[in-house]
Amino acid sequence: MRLSFRFIVPLALALAAIAYAVVPLVDQFTLKWFVRDLEIRTSLITNTIQEPLQALVGEGSRVKVLRFLNRITQDERLFALGFCDVNRKLLYKTLAFPNTINCSDPIRDPGDDKAAGRGRLVEFGRGPIHVAVNPVEAEGTPYGYLVMVHDMSFVERRSEDTKKYVFYLFVAIGAIVSLITVVIAELSWRGWVAGLKSLIRGESFRHSGNEVRMPELRPVARDLQVLIRDLESERRSRDESQVNWSAETLRGILRDDLKGEEILIVSNREPYIHLRHNDRIEVRRPASGLVTAMEPVMRACSGTWIAHGSGDADREAVDAQDHIMVPPDKPAYRIRRVWLTEAEEAGYYYGFSNEGLWPLCHIAHTRPTFRSSDWSAYVEVNRKFAEVVVAEAKAEDPIILVQDYHFALLPRMLRARLPNATIITFWHIPWPNAEAFGICPWREELLDGLLGSSILGFHTQFHCNNFLETVDRYVEARTDRETFTISYGGEQTAVHRYPISIDWPLASKAMEKPVEACRAETRRNNGFAPDALLGVGVDRLDYTKGILERFIAVERLLELEPRWIGKFVFVQIAAPSRFSIDEYQNFDARVRALARRINERYACKDYEPICLKIEHHEADAVYEYYRAADLCFVSSLHDGMNLVAKEFVAARDDERGVLLLSQFAGASRELTEALIVNPYNVDQCAAALHVALTMPQAEQRARMHSMRGLIQEFNVYRWAGRMLLDAAQMRMRRRLHARSGDDGMRTDASRA
Ligand code: F6P
């Protein structure tokens, strides 16, 4: 196409130049043609009227002669007529006859035939006129001269018309030549490219009606494809290390690598919940690591987020198709809410997901409970979500991001309905070892469901290893530990580590408030001493988070180092969670009781060591606590990643504060400059609290600086981008294979 334009532009310029040169010539030529034409006319008129005119002149009737001459001037171009006698005296003239004209010039010799009819151009009023003086004779005897005056303004009009026609002619020629050029160029380019492609594939192609076969190029084609693939992955890994991952980078991947393909995400928890508060509706962001991570990604990607509509005002907020655009202040993507009955929620969410799979996957010493009725609800709700995903998908090969343990069966169900979809499943919680997983009565069904995915992601390599071992143990599949792929039922699933992260830089209003202001306000608002040292813990109220162990460590610190009594306060923010489950109600009671006991033990005037806040806090409020704190304690007994650890580090742009981090949280694999602790080891945790409270500022800064650099580089856009790039690569390979139709070349065939 570009080639065609390169030709069309010079062609248009050349035609314009020619037109520019030709148009003035047109003027000259048309004038000459018309003057010549007039001269012939005057001769003709003279010859025609000389005899009748002689009769009338001979009669001597002035009226008759003038009437005769006037009748002749009815002609459009003949402006006036005059008659002179042989002595060149003007005897008769029509009304319009110009005074400046007489019979003397130019007088032609009556014998000169060639000269007859010739005249001259004279400027007159509204334009040029043509004057011809021709001798008239009767039976060979001259009896006078006829003066014919022609109006020449019509020549100008005709000349203008002619110029217009010439211009349009050139434009038409230009357009036709350009069109023909473009068509020929496109056809030959396509033919050339098709021929080259065929040659590279080692196939035959037609050239000038002949079939050209070059099978010897087939090995070259293979080499080329391998080379392209290597270059692609090299470019990608090189790019990745150089890229500053941001929402824009992610959009770039969607635009360039995925060509704007459709993205659907499915999770149980929705990113915005509508709740009724008396007569107004409040929008809340739930406390969920999954939402924290996925929300900025969806803002960047747009698309549709399918989730359970769990708010009591959710139905009032959606349109007729159960859609709502979010975020409320700057809509960027849409939520499709799925409604569950109380029984479905009880069986699928509280029952199988959170009394079965949650304790099964977390080694927190809480027994999982598996009920057949919960399993049936889990199957049914997965099916319900599958229906919604299929209904929402516009393309036959969308990219579907399935989130978490609530939807282990969904990938297989979607695969059956949308065989060309790229299904990326991310398991946000740990994957236990094969033996622990084996106690689930529906282990094979769960594995079969997950193996419907194109890509299955975990936070750590350890959990990927556990998954492969589990598959090895319980289903008929071939696991490849070099490529980390599983072949099952003739299809492949890639199992990869994608450590989840957070938005960078943090988009929170709290970041605009200086750390000093956050410190002072938080202490003042909570009634703490202005110089109190502050520790924070931020969690859902969940038994896997190690909240009891954290409190016990604080108690032990005060036991071992009484100098902190009255000086160190630990604020625990705990978002109520899954309260319908007995285990969570018991846990709530135990947390409250332990905080009460410790506070009673160490309370002194206006001082309690533990400040327990069991209520929902909006993200901005949580960030203010992070900025106000001297330390943050993440003591999960087992955690896929734990984004609180990353949020605390991201909030500290002053590079102050110390992070205490459980060795059983996935985050401890990345944030190695934190004080890594075993939450079951009370003395170690108490000692770490003491180290944190006495850590020199320079050391705090060095540790924080390093961790901040890591989160900046490995932020949530990189997490999502890495998965989407892998998906894009799979799709590209699938298309390549489909095009080449060469199974032999499929060295690592992956389903996309
Ligand atoms: O960190 C992610 C996560 O733990 C999910 O696994 C879980 O779904 C979510 O946070 C919070 O739990 P819920 O959705 O039950 O409130």
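**Entry 1: α17 against α18**

I began with helix α17 (residues 619-628) and helix α18 (residues 643-651), whose axes come within 9 Å and cross at roughly 65 degrees. I note here that the model is predicted. Angles of 65 to 115 degrees count as roughly perpendicular, and α17 and α18 are therefore roughly perpendicular to each other. I looked up the hand of the α17 and α18 crossing: right-handed.

Next I listed the contact. From α17 I have Tyr623, Tyr626 and Arg627. From α18 I have Val644, Glu647, Phe648 and Ala651. Sorted by class, the contact of α17 with α18 has 5 nonpolar and 2 charged residues, and no polar ones.

**Entry 2: the parallel sheet**

I traced an open sheet of 6 strands. I read its order as β22-β21-β20-β23-β24-β25, and the pairing is parallel. Which strands stand at the edges? I found β22 (610-614) and β25 (675-677) there. Each has a single partner strand, so one side of each is left without a neighbour in the sheet. Direction ignored, neighbouring strands of this sheet are turned by 20 degrees against each other on average.

Strand β21 (residues 568-575) pairs with β22 in the parallel sense, over 5 bridges. Glutamine 572 stands opposite leucine 612, which is in β22.

I came back to α17 here. This helix packs on the sheet and touches β20 (533-540), β21, β22 and β23 (631-634). I noted the direction of α17 at about 145 degrees to that of β20.

**Entry 3: the mixed sheet**

I moved to an open sheet of 10 strands with mixed pairing. Its order is β12-β13-β11-β8-β14-β15-β16-β19-β18-β17. I found β12 and β17 (478-480) at the edges. Each of these has a single partner strand, so one side of each is left without a neighbour in the sheet. The twist averages 20 degrees from one strand to the next.

How many bridges join strand β8 to β14? I count 4, and the two strands run parallel. β8 spans residues 263-267. Isoleucine 265 stands opposite leucine 401 in β14.

I also checked what lies across this part of the sheet. Helix α9 (residues 372-392) lies across β8, β11 (304-308), β12, β13 and β14. I noted that α9 runs at about 160 degrees to β11.

**Entry 4: α12 against α13**

The axes of helix α12 (residues 443-450) and helix α13 (residues 461-474) come within 11 Å and cross at roughly 120 degrees. That makes α12 oblique to α13. The crossing of α12 and α13 is left-handed.

For the contact I wrote down Arg443, Glu444, Leu447 and Leu450 in α12. They meet Phe467, Thr470, Val471 and Tyr474 in α13. By class, I have 5 nonpolar, 1 polar and 2 charged residues in the contact of α12 with α13.

**Entry 5: the β9 and β10 hairpin**

I looked at β9 and β10, which pair in the antiparallel sense over 5 bridges. Arginine 276 stands opposite isoleucine 281 in β10. The hairpin has 2 residues between the strands. Which residue of the hairpin takes a positive phi? I found asparagine 278, with phi near 55 degrees. Asparagine 278 is not a glycine. I placed asparagine 278 in the loop between β9 (273-277) and β10 (280-284).

**Entry 6: cis peptide bonds**

The peptide bond from valine 326 to proline 327 is cis, with omega near -10 degrees. Proline 327 sits in the loop between β12 (323-326) and β13 (333-338).

I found that tryptophan 504 and proline 505 are also joined by a cis peptide bond, with omega about -5 degrees. I placed proline 505 in the loop between β19 (491-497) and α14 (515-526).

**Entry 7: aromatic pairs**

How many aromatic pairs does the structure hold? I get 24. I picked one of them, tyrosine 348 with phenylalanine 407. The centres are 6.0 Å apart and the planes make 35 degrees, a tilted pair. I then checked where each partner sits. Tyrosine 348 is in helix α8 (residues 342-361). Phenylalanine 407 is in the loop between β14 (399-403) and α10 (410-417). The two are 59 residues apart, and I noted that the pair links distant parts of the chain.

Conventions. Residues numbered from 1 in each chain as written. Predicted model: local features only at pLDDT ≥ 70, side-chain atom pairs only at ≥ 80, totals over all residues. Heavy atoms only, no water. Axes fitted to C-alpha atoms, helices over the stretch in contact; angles between N-to-C directions. Parallel < 35°, antiparallel > 145°, perpendicular 65-115°, else oblique. Left-handed = near helix turned anticlockwise from the far one by under 90°. Contact = heavy atoms within 4.5 Å. Nonpolar A, V, L, I, M, F, W, Y, C, P; charged D, E, K, R; others polar. Pairing = 2+ DSSP bridges. Phe/Tyr/Trp six-rings, centres within 6.5 Å; stacked < 30°, edge-to-face > 60°.
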